[in-house]
Amino acid sequence: MNRPAPLLYVRTSMLDVAYEAHGPDNGEPVILLHGFPYDPRSYDGIAPALGELGYRVLVPYLRGYGPTRFINAQVMRSGQQAALARDLLDFMDVLSIAQATLAGYDWGGRAACIVAALWPERVRGLVTGDGYDIQDIAHAHEPQAPATEHRLWYQYYFHTPRGVAGLTANRRELCQLLWALWSPSWAAGPRLYEQTARSFDNPDFVEVVIHSYRHRFMYAPGDPALEPIEQALAQQPPSQCRVFRCAVPTTASGLRRKKMTTSRISADFIDARSYPVWATIFLRKHREKPWLRCWNCCADNSVMPRRIRFAIRALRSGRHTAVIPSQPR
């Protein structure tokens, strides 16, 4: 495991954002965004390597995580999708980043997708760990298949006072359980979890998380200052990116091909793991391309060496490869 980079801070209109930086100051900007319940340690296997390739890699702690703090008590502790996107855009503005490649999964992937959809001129490239990740809140109450519903148990738990009390009292145990459920074969998970768990001690972690999982189901109002963004997202704006069809045989490395078709993204995908590897493929393969491209990849933290080798072979063969999204979290 690489040693974490020194912490840097920048003040936006709502936050004092803590972030880590790798690579030269004048390198092409790449922003890596974590999800719930994770932190920048998710990118320890990729951020330093990208920095060594000459990129300026920035890895912020999202609102409610780690050393990032709200600038005052008046700022709403919102976890809604518009807040995450606004934070990302403000972060880029304060650092005078006109355009960057954005990579993220879950909450971070949602922020990246929103900025790519609403402010495409700010995004040079997009790596999203959960496909088209903009929430369709107007249809949030429509039931899903039972096999999907049961995976969202913790979100429904957070809708209740008991869930608030449970997350407050047992945040580390609950988040560790989610890691174990989502990545059951990840042998290194328990050891690495301790390096991330301290980020959940942020004084605003519980309030931000609870609001995030209530707002998406219309059980909590949003920040009025962010309503224009939410109205734009209600239109389900298309992702301004190109998605590539997989050219890999369905039996390669035992991977299963699936189909994901929406009005925003339509492509063949294969099931793979380890989003850092796919981020590397994107950045190395397409750094010279001026248009926006999108790779969809799994955010499952379990790293499977066979599939990593498969990804590297795909890169060397020059194939354009995309992968299926994980369950949204």
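Helix α6 has a kink of about 100°, centred on Asn-170; the bend at a residue is the angle between axes fitted to the seven residues ending there and the seven starting there. This is a predicted model, in which local features need pLDDT of at least 70, side-chain atom pairs count only at pLDDT 80 or more, and totals for chains, interfaces and linings use all residues. Residues are numbered from 1 along each chain as its sequence is written, and side-chain values use heavy atoms, with hydrogens and water left out.

Helix α6 covers residues 161-182 and spans only 25 Å between its end C-alpha atoms, whereas a straight helix of 22 residues would span 32 Å at 1.5 Å a residue. Among its buried residues are Gly-166, Leu-167 and Arg-171, where buried means under 20% relative accessible area with a 1.4 Å probe, protein chains only. The buried residues of α6 pack against α5 (153-158), α7 (189-197) and α8 (205-215), contact being heavy atoms within 4.5 Å.

I turn now to the cavities. Three cavities of 30 Å³ or more are present; a cavity is a set of points on a 1 Å grid over the protein atoms alone where a 1.4 Å probe fits but cannot get out, and lining residues have an atom within 4 Å of a point.

Methods. 1 Å grid on protein atoms, 1.4 Å probe; cavity = no way out; pocket = protein on both sides within 12 Å on 5 of 7 lines; lining within 4 Å. Points joined across faces, edges and corners; volume = space filled by probe spheres on them. Helix = DSSP H or I, 4+ residues; strand = E, 2+ residues; numbered from the N terminus. Expected span 1.5 Å × (residues − 1). Buried < 20%, exposed > 50% of the residue type's maximum accessible area, 1.4 Å probe, protein only.
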